[in-house]
Amino acid sequence: MALILHSGAGNKNANKALIAAEYVGVKVELVKDFQMGVSNKSPEFLKMNPIGKVPVLETPDGPIFESNAIARYVSRLNPDSGLYGSTLLDYGQIEQWIDFSANEIDANIGNWLFPRLGFRLYLPPAEEAAIAALKRALGALNTHLASHTYLVGHGVTLADIIMTCNLGFGFKTILTKSFTSEFPHVERYIWTLINQPNFKKIWGDATQAESVPPVASKKPIQPKEPAKPKETVKPKAEPKPAKKEEVKPKELDEEEEEAPKPKAKNPLDLLPPSKMILDEWKRLYSNTKTNFREVAIKGFWDMYDPEGYSLWFCDYKYNDENTVSYVTLNKVNGFLQRMDLTRKYAFGKMLVIGANPPYKVKGLWLFRGTEIPQFVIDECYDMELYDWNKVDISDEAQKERVNQMIEDAEPFEGEPLLDAKCFK
């Protein structure tokens with residue numbers, strides 16, 4: 001009997017076993033016509049896994065569920081494959097990285113992603129904690145990979161397979177380039193592994209998310225429950241309303257599926273053309289290495305169009321809370337990450353100021369349009385944590401403050417900079 005994997009195609013947890021099978025030389029087949037929410041609720045499936053989760057591996061000797069357990073089973077079918085290393089230490093370190101991948105990487109990607117997709121309650125403080133924990137984990141992984149091509153030893157092991165599947169899912173769904181650029185060795189690792197033949201055969205062409213998914217609307221969830229009670233309470237008198245109620249959830253589902261489309265009609269895209277080309281300013285900023293005042297700052301004011309763009313100072317309202325440096329820096333990093341939805345329309349500088357706590361957080365933002373875009377206020381909860389003041393460019397003192405913030409002048413307003421971040 002062949003090994004049958006019960007899962008839909010493209011499931012990253014199923015891919016762990018399928019990739020391991022390629023290295024081991026064992027044939028594992030995906031079950032035909034699998035339908036999530038249907039197949040995994042059948043009596044036959046529930047006999048294999050009573051809680052109905054996928055994947056499940058059907059073997060001649062009995063079923064196995066939990067994706068890492070399945071991948072371990074497949075890897076051990078050929079002891080000579082090297083997927084479990086060659087020594088007891090290799091074995092222990094492979095298990096170590098499998099646990100790290102599950103508990104530190106996969107869990108925190110899920111804690112960030114799933115609330116945004118509407119699968120869990122979205123709580124901004126919980127999201128901030130998930131991002132901070134994920135960055136901590138990726139930092140540790142980045143340090144390890146700075147001197148290692150693979151997680152353990154000199155070749156692919158099961159630890160690499162599981163880590164790559166978890167990271168690959170994150171890269172595809174929420175880990176944008178602006179987020180992962182802090183971890184260059186992790187980037188090198190994921191693109192190297194996921195493009196190897198045995199990975200690529202299962203995974204296909206790998207992509208990276210261009211933006212963080214917006215927080216899902218909760219509205220489509222509610223109408224689906226009232227439909228049934230109304231049919232049972234008034235089955236005789238109201239046959240026609242029952243039909244309407246069956247249609248409403250479908251209409252809402254269609255709206256939910258098409259939710260991303262309005263991005264193409266962002267009100268900022270409908271503004272009159274501006275003489276300022278934001279990407280040209282960003283290139284000038286990035287490419288100017290010397291004479292920054294004479295080249296970049298002068299170039300900025302030559303480009304600036306007050307009819308098409310606006311400048312804003314922001315000051316964090318709760319600086320007294322900024323008593324720990326790394327926590328303060330995480331707040332700023334989290335803010336910049338959540339501002340990713342404005343990348344096409346904004347440029348920003350965020351300064352963390354002070355030699356000793358409490359640290360001050362101040363920023364400068366350039367936005368398309370003459371006001372702060374409404375979708376930014378609606379989507380990024382951090383906006384309300386700051387006081388926002390529009391820059392008066394007729395005031396030379398304010399213009400000079402803009403110059404100093406763009407060039408990370410130090411000292412800034414009499415104090416040293418702990419850090420300076422650029423959003424571009």
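This is a predicted model: local features need pLDDT of at least 70, side-chain atom pairs count only at pLDDT 80 or more; totals for chains, interfaces and linings use all residues.

Analyst: Two strands are said to pair if DSSP finds at least two bridges between them.

User: What makes S6 and S9 a pair, and in which sense do they run?

Analyst: Six bridges join S6 to strand S9 (residues 417-423), and since the requirement is at least two bridges, S6 and S9 count as paired; their sense is antiparallel. S6 also pairs with strand S7 (residues 360-368), again in the antiparallel sense, over eight bridges, and in that pairing Gly348 stands opposite Trp365. S6 and S7 form a hairpin with six residues between them, and Gly354 in its turn has a positive phi of about 125 degrees.

User: Why is S6 described as largely enclosed by the rest of the structure?

Analyst: Buried means under 20% relative accessible area, and eight of the eight residues of S6 are buried, so the strand is largely enclosed. Both faces contribute, for Ala346, Gly348, Met350 and Val352 point one way and Phe347, Lys349, Leu351 and Ile353 the other way, and all are buried.

User: How do you know that Tyr150 is buried, and what does Tyr150 touch?

Analyst: The relative accessible area of Tyr150 is 16%, which falls under the 20% limit, so Tyr150 is classed as buried. Tyr150 is found in the loop between H5 and H6, and, not counting residues up to four places away in sequence, it touches His144, Gly155, Val156, Asp160, Tyr189, Leu193 and Gln196. Tyr150 and Leu193 are 43 residues apart along the chain, yet their C-alpha atoms are separated by 8.9 Å.

User: Why are S2 and S4 called edge strands of their sheet?

Analyst: The open sheet of four strands has the order S2-S1-S3-S4, with mixed pairing. Strand S2 (28-30) and strand S4 (62-65) each have a single partner strand, so one side of each is left without a neighbour in the sheet. The twist averages 25 degrees from one strand to the next. Within the sheet, three bridges join S1 to strand S3 (residues 56-59), and these two run antiparallel; His6 has Val56 in S3 as its bridge partner. H3 packs on the sheet, touching S1, S2, S3 and S4, and its direction makes about 125 degrees with that of S4.

User: Why are H12 and H13 called roughly antiparallel?

Analyst: The axes of helix H12 (residues 278-287) and helix H13 (residues 292-303) come within 10 Å and cross at roughly 170 degrees; angles over 145 count as roughly antiparallel, and H12 and H13 are therefore given that name. The contact is made by Glu280, Trp281, Leu284 and Tyr285 of H12 and by Phe292, Val295, Ala296, Gly299, Phe300 and Met303 of H13, and these residues divide into eight nonpolar, one polar and one charged.

User: What makes H5 and H14 roughly perpendicular, and which residues meet there?

Analyst: The axes of H5 and helix H14 (residues 325-338) come within 10 Å and cross at roughly 105 degrees; the range from 65 to 115 counts as roughly perpendicular, and H5 and H14 are therefore described in that way. Glu127, Glu128, Ile131, Ala132 and Lys135 in H5 meet Asn330, Lys331, Asn333 and Arg338 in H14, and the residues of this contact divide into two nonpolar, two polar and five charged.

User: Which residues have the most contacts inside the largest nonpolar core?

Analyst: That core has 56 residues, and those with the most contacts inside it are Ile105, Trp112, Leu141, Leu151, Met163 and Leu167. The elements giving two or more residues to this core include helix H4 (88-117), helix H5 (124-145) and helix H6 (158-173). Leaving aside neighbours within four places in sequence, Met163 is in contact with Trp97, Phe100, Ser101, Ile105, Leu141, Leu151 and Tyr189.

Terms used
Residues are numbered from 1 along each chain as its sequence is written. Side-chain values use heavy atoms; hydrogens and water are left out. Axes are lines fitted to C-alpha atoms, for helices over the stretch in contact, and angles run from 0 to 180 degrees between N-to-C directions. Angles under 35 degrees count as roughly parallel, over 145 as roughly antiparallel, 65 to 115 as roughly perpendicular and the rest as oblique. Contact means heavy atoms within 4.5 Å. Ala, Val, Leu, Ile, Met, Phe, Trp, Tyr, Cys and Pro count as nonpolar, Asp, Glu, Lys and Arg as charged, and the others, Gly among them, as polar. A nonpolar core is a set of buried Ala, Val, Leu, Ile, Met, Phe, Trp, Tyr and Cys residues joined through side-chain atoms within 4.5 Å. Buried means under 20% relative accessible area, exposed over 50%, partly exposed in between (1.4 Å probe, protein chains only).
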